[in-house]
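Hi everyone, thanks for coming. Please have a look at it first.

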Amino acid sequence: MKLKALLSALIISGVTLSESSHAFLVATEPASLRAGVPTDVFVAGDGNEQGDLFLKSAALAAQVSKDRFPQRQRVVISAVTDSVYDEGALLTKAGFSLRKLDGEKLSKENLLALLGRLQAPISSLQFFAHSNPRVGMELKGSARLSSDDPEFAEIKKFLAPNAIAVFHSCSSGWVMAPAAAKIWNRPTFGAFTSDDFQELMSDGKWYFHDAGLYPENLSRIGSTSSIVRENIKCGSRECLRLKPANVPYDGAVGRFGKGLGFYKVFSTNTDKIPAALIHYTLLVPSVTPLTAQSSRKDILAVVKDWMCPSDKSSKLRDACSQAIDSGAFQKNPTLSFYSGPAVACNNIDCQTVVKCSKLKSAMGLPSCKAQNLSDAPSTVFSDQMKMIMKGLQMLEQRQIVF
């Protein structure tokens, strides 16, 4: 099937095509999309050594979207990683209708064409992929999406006025997220360190699922109604989400001494931030299902879950939770629970930037390093919590339209 034919098929019932090593998937809920209906879009890049974990995270996020915003439509766009993984079965199990494009790969050009063909305002756009500050986000192999690409700028015209965007990818807060916030003029979330996979464990908390990063006496939670109102099965690596690690990035790309243990929102319009933070909170796979009518207690439980560290001992998590309950962030602007120096940022820029060398990258060496522009202390945790509380007040006063 050619790309044009697949695009036309987006508004009719889906079909599954033959297997191909050069293909990507488009899956929808409901099966037949309607023009003009607000739509949440989830883009899963090539997982490489991570296999289908990006797609699993995107699929769970899409299930949360269906639970929170049943009036919306959902579209998952995924690279086909390897014949070992059955991405189609994964999406079918999650309740999606499939279309598969053989002979095409997930490129920025094909992604842009698909977004345009939806003929619907995108309410939220979430990416799940590898990325680094020098070359942007990996879609499939050498096919990447960079903030310098013309296609990147073109995405803006498909976003609803109140849309948010989230880059679930390593170090996306240094370049991709602030660039998107400026170019798209929509609140955009990014990570300042490694983005790692988490699973919900038997104590009802999310932990990074690598061995040694969760208490040894715990197991995967199994079936649960803590994520969505429906009881879903969450065995090993079945229900995944991504969250920034609570330590500075130190990897193949380089070493960045500063960071944050949560997604930072950027926006050229400060007035949009409170609603964007509540919008994101409603879309997070977390510890309890939410709706726009949920209690302040339940919403704050999810806020604590994504804003606070997911440490093995829970000491930092508990201290952060208590600081939110007591309002300590209101009195102490430099409050931080990050295990390292927290990066200082305002709503559009940061006081630390990352510089990358093409030559070092070509030589296979760590090519990026952080450069401090000033010694300003970080107020990001406090600033973001204040905006969340303002958003919560707006929600209670019915001043937010999703």
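Let's begin with a word we'll need a lot: a residue is buried when its relative accessible area is under 20%, exposed when over 50%, and partly exposed in between, using a 1.4 Å probe and protein chains only. Helices (H or I, at least four residues) and strands (E, at least two) are DSSP runs, numbered from the N terminus.

Now a word on where this comes from. This is a predicted model, so local features need pLDDT of at least 70 and side-chain atom pairs count only at pLDDT 80 or more, while totals for chains, interfaces and linings use all residues. Residues are numbered from 1 along each chain as its sequence is written, and side-chain values use heavy atoms, with hydrogens and water left out.

With those words in hand, the big picture. The protein chain holds 12 helices and 19 strands, and its C-alpha trace spans about 60 × 50 × 45 Å along the principal axes. Of its 402 residues, 57% are buried.

Just after H6 comes Asn185, with a positive phi of about 55 degrees.

Next, the sulfur links. A disulfide is a covalent bond between the sulfur atoms of two cysteines. Here, a pair of cysteine sulfur atoms within 2.5 Å counts as one, and a search of the whole structure turns up 4.

Cys234 and Cys239 form one of them, with sulfur atoms 2.0 Å apart. This link is left-handed, at -80 degrees about the S-S bond. Cys234 counts as buried because its relative accessibility is 3%, and Cys239 is buried too, at 6%.

Another disulfide joins Cys308 to Cys320. This pair links distant parts of the chain, 12 residues apart: Cys308 sits in the loop between helix H8 (296-307) and helix H9 (315-326), and Cys320 in helix H9.

Then there is Cys356 with Cys368. Cys356 lies in strand S18 and Cys368 in strand S19. The torsion about their S-S bond is about 105 degrees, so this disulfide is right-handed. Cys356 is partly exposed at 31% relative accessibility, whereas Cys368 is buried at 5%.
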